[in-house]
Amino acid sequence: MKRGLAVYAVFAYAFLHVPLLILAVFSFNSSRFAVWERFSLQWYRAVAHDGNLIESSLNSLIIAIVATALATIIGTLAAYGLWKRGSAWLSGSMYLSLVTPEIVTGASLLALFQWVFRFAHLRLGMHTVILAHVGFSLAYVVVVVLARLRSYDRTLEEAALDLGATELGAFYRVTLPYLVPAIAAAAMLAFTVSIDDYVITSLVAGVDSQTLPMVIYAMARRGVNPALNAVSTLVVFGLGMLIMLSERLRKT
Amino acid sequence: MKLRNIFLAPTAILMAVTMLAPLAIIMVYSLLTRGAYGGVELPWTIENFTRLWDPVYAVIFLRSFWIAAVATALCLVLGFPLAMFIARSGSRKNLYLSLVILPFWTSFLIRTYAWMFLLRDTGILNSLLQALRIIREPLSLLYNDGAVILGLVYGFLPFMVLPLYATLERLDPSLLEAAADLGARPRDTLVRVTFPLCAPGIRAGAILVFVPCLGTYLTSDLLGGSKTVMIGNLVQNQFTASRDWPFGAALSLALMAIAMVLLFAARKRGEEML
Amino acid sequence: MNRRTFLIGGAVAAACNRGPRLNIFNWSDYVAPDTIPNFEREFGIRVRYGTYESVPEMLAKVMTGNSGWDVIFPSAEYIQPMRDMGLLARLNHDWLPNLSNLGPQFQQPPWDPGLEWSVPYMHGATGIVYQKSLRWTPQAWSDLWDSRLAGKLTMLDDPPEVFAACLKTLGYSINSGDPNQLKAAQQRAIAQKPLVRAYLNAEVRDQLIAGDVAAAQAWAVTAAQAIAAASERTEGVSVSKLAFLFPSEGFPRYADNVAILRESTRAESAHRFINYLLRPQVAAAIVETTRTAACNGAAQQYLPESLRSDPVLYPSAEILARGEWFAPQSAASQRLRDRMWTEIKT
């Protein structure tokens with residue numbers, strides 16, 4: 001059984017990574033079109049000279065990191081709170097945020113922001129994008145963390161309370177460590193939905209907050225652009241290295 | 001104040017701002033008249049809802065639900081063994097988990113273009129099959145329902161694997177050993193022990209895949225060639241090309257209502273919704 | 001700056017910017033790489049440049065009048081609606097001496113005869129691109145119903161364009177709002193659907209070059225790019241495997257314009273920018289990059305011969321006479337068309 005799983009996993013990872021491999025290969029292609037000519041670094045040079053791409057990549061990373069951190073913290077607390085005792089309207093609104101089509105979320109948030117800002121003299125910008133991202137990634141965090149809490153043994157926490165721990169102490173010392181794998185998985189999901197979002201972001205973004213997906217959509221609707229392959233390869237490679245590094249550090 | 005309430009407060013505020021207030025706006029929109037060039041105008045009307053009673057929309061809704069259901073089922077079948085593999089891989093768990101999600105940190109559009117490049121008539125797959133003389137004429141792999149489902153399964157697989165992993169990870173190996181010691185065959189263990197214990201994960205994953213699948217529109221545009229509309233496309237069109245926001249609002253309220261009913265029905269008896 | 005913006009709050013951050021600024025919101029791929037940097041250098045104005053993919057997307061942002069953008073590029077059929085909604089600022093012709101560079105047909109365009117609100121920027125048309133390797137040559141829209149194209153034909157994913165082609169095969173106007181004419185056009189579209197490989201816009205370019213698509217309804221811009229990319233130079237003459245035609249029944253024309261939003265407080269910089277775009281050299285550089293046709297007549301002389309005489313970008317007056325401009329649709333006809341479009345796609 002174990003061997004079977006490993007073989008299967010190889011195929012599954014191949015399935016997940018094939019598109020990545022293709023775009024990495026074509027980022028080194030000298031031709032502008034999807035026909036292999038010869039090895040070239042010209043698209044990486046193009047990225048290095050494209051201030052727009054670099055700035056929007058940084059914007060995207062900042063937004064995704066801040067939104068993920070906020071959503072993960074807030075969502076984990078909420079999942080714990082909901083596990084203690086449910087709240088129909090909170091879990092209802094969480095579900096609603098999942099079932100709302102993106103364009104509707106985006107259009108209605110835009111309407112809300114613009115209406116409020118008319119009185120507050122504010123403008124759309126990074127803050128509105130981050131707020132929107134925290135809003136829509138929150139449900140993902142809550143769903144994943146709560147799924148793990150559902151199979152958590154309440155007696156563990158009760159034991160801690162009996163031994164004199166405060167409610168907060170029991171949460172922090174006993175429950176939270178148990179939740180770590182779910183929190184990690186939830187944070188990854190939140191990061192993924194945030195860094196890849198186009199529809200909502202493009203609607204609530206302001207003059208100063210173009211994200212990478214926005215630039216990519218603008219450049220790519222007309223067809224493949226190898227500079228975008230190059231920038232995607234760079235982002236994935238950079239984040240991949242970060243993960244490896246943190247694994248190393250964690251082990252030592 | 002109780003700890004639980006303090007923990008829930010930020011979420012409550014956030015949901016009120018990013019979910020309930022916009023929802024209220026959408027409800028108001030759905031009862032107004034379309035502005036000539038987008039936006040909404042008075043007078044109030046329920047016409048946007050009466051327009052929904054049209055067989056054409058019923059067909060689109062049914063089709064979208066069907067495709068989302070197939071995609072979710074495939075994600076579960078493909079994702080479960082992978083989640084199990086990761087959960088059992090000891091100290092490498094985090095690494096393997098990140099490898100699942102890593103491809104999704106590129107842009108959706110770029111990934112989809114890569115798939116199109118694989119699938120099209122002069123693409124890698126067809127060229128390969130032709131070079132190996134397995135086929136003579138290129139197969140039409142792109143621009144059909146199969147391609148759309150492939151795109152959805154690919155795009156949402158991590159949303160199934162991660163919650164599954166989060167519940168499988170805690171599964172005590174000694175339980176499985178106990179089952180084996182008691183004479184259970186591996187398949188029985190899977191069905192009687194593993195599945196029930198990770199049911200919350202399966203439900204969470206199914207929700208995170210099925211619901212967003214319902215609302216997608218770009219996958220069916222790019223891989224399906226825009227030949228058939230799904231609900232997502234329909235709603236999207238109302239807010240863009242058609243500039244009929246009130247009808248778009250009514251359509252999405254209908255979609256949300258149906259999805260909520262399904263979620264309600266799918267929840268475990270006597271349990272909370274999430 | 002913008003990294004800090006969300007921490008300090010947009011309003012405060014905006015206040016500490018030094019020097020004049022200008023926020024320009026344009027279609028993607030619509031300027032040359034050095035258009036904006038050169039403008040910034042010459043006038044000392046810092047430009048924030050954003051792009052959109054469709055007019056409705058842009059409209060959704062600017063409709064409430066506090067979007068922050070100054071200069072936008074609406075399509076011709078949106079000029080009057082945007083004016084009616086009070087979104088556009090009146091242009092000051094004293095600040096736009098280069099207006100005289102516009103081609104004769106754009107000095108008094110039908111959508112804004114006095115150029116009071118907008119300045120024509122780029123224009124184009126819709127037609128058919130096809131592989132020359134086809135054993136027959138399409139001439140008209142009606143050739144896109146030929147069963148020999150089955151599975152190798154794409155149409156635009158744009159309701160007005162598909163309706164335009166269908167209406168033209170029946171001899172009607174592309175802007176028809178007549179229910180009977182539209183019904184007949186819808187039947188044509190439904191009859192064509194089994195032949196259609198996909199409904200694609202600019203994405204069709206790569207598939208034309210790769211040879212997956214034999215014939216496509218396409219914008220002249222997309223066609224020009226594809227034709228150029230699919231060319232091979234033999235003995236100094238460049239020959240493409242693709243060709244473009246303006247269908248014999250008539251075809252839609254479109255134009256994008258540059259305009260200033262009424263919310264803008266930077267009228268002077270905005271006029272400077274528009275006047276700068278109207279310079280022949282600037283317009284010519286943009287044409288060379290984007291392969292769109294400039295409304296700027298004076299730009300012609302700065303174009304390389306191959307572009308100036310390109311029959312796709314600059315067809316003869318005789319051909320252009322068959323063209324018809326898109327016009328705004330009434331609410332009723334828009335709704336009828338939406339409903340029919342949904343049926344076509346079901």
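This is a predicted model: local features need pLDDT of at least 70, side-chain atom pairs count only at pLDDT 80 or more; totals for chains, interfaces and linings use all residues.
Local features need pLDDT of at least 70, side-chain atom pairs count only at pLDDT 80 or more, and totals for chains, interfaces and linings use all residues. Residues are numbered from 1 along each chain as its sequence is written, while chains are lettered from A and ligands numbered from 1 in the order in which they are written.

**Where chains A and B meet**

- 86 residues of chain A contact 76 residues of chain B. Contact means that the C-beta atoms of two residues, placed from the backbone, lie within 7 Å.
- Several helices give two or more residues to this side of chain A, among them α1 (2-26), α3 (51-84) and α5 (102-120). Helices (H or I, at least four residues) and strands (E, at least two) are DSSP runs, numbered from the N terminus.
- The side of chain A that touches chain B has 61 nonpolar, 17 polar and eight charged residues. Ala, Val, Leu, Ile, Met, Phe, Trp, Tyr, Cys and Pro count as nonpolar; Asp, Glu, Lys and Arg count as charged; the others, Gly among them, are polar.

- The axes of α5(A) and α12(B), residues 231-239, come within 9 Å and cross at roughly 30°. That makes the two helices roughly parallel, a label for angles under 35 degrees.
- Axes are lines fitted to C-alpha atoms, for helices over the stretch in contact, and angles run from 0 to 180 degrees between N-to-C directions.
- On α5(A), the residues are A:Ile103, A:Val104 and A:Ala107; they meet B:Val235, B:Gln236 and B:Phe239 of α12(B).
- By class, this contact has five nonpolar, one polar and no charged residues.

**A residue of α5(A): A:Gln114**

- A:Gln114 lies in helix α5 of chain A.
- A:Gln114 is buried, with 21 other C-beta atoms within 10 Å. Buried means 20 or more such atoms, exposed 12 or fewer, and partly exposed in between, with C-beta atoms placed from the backbone.
- Leaving out residues up to four places away in sequence, A:Gln114 touches C:Thr64 and C:Asn66.

**Chain C**

- Chain C has 14 helices and 13 strands.
- Its C-alpha trace spans about 65 × 55 × 40 Å along the principal axes of chain C.
- Of its 346 residues, 48% count as buried.

**Confidence in chain B**

- The mean pLDDT of chain B is 84, and 95% of its residues reach 70 or more. pLDDT is the predictor's confidence in each residue, from 0 to 100.
- Within chain B, confidence is lowest in helix α8 (residues 173-181), at a mean of 72, and highest in helix α3 (residues 55-87), at 92.

Definitions and conventions. Angles under 35 degrees count as roughly parallel, over 145 as roughly antiparallel, 65 to 115 as roughly perpendicular and the rest as oblique.
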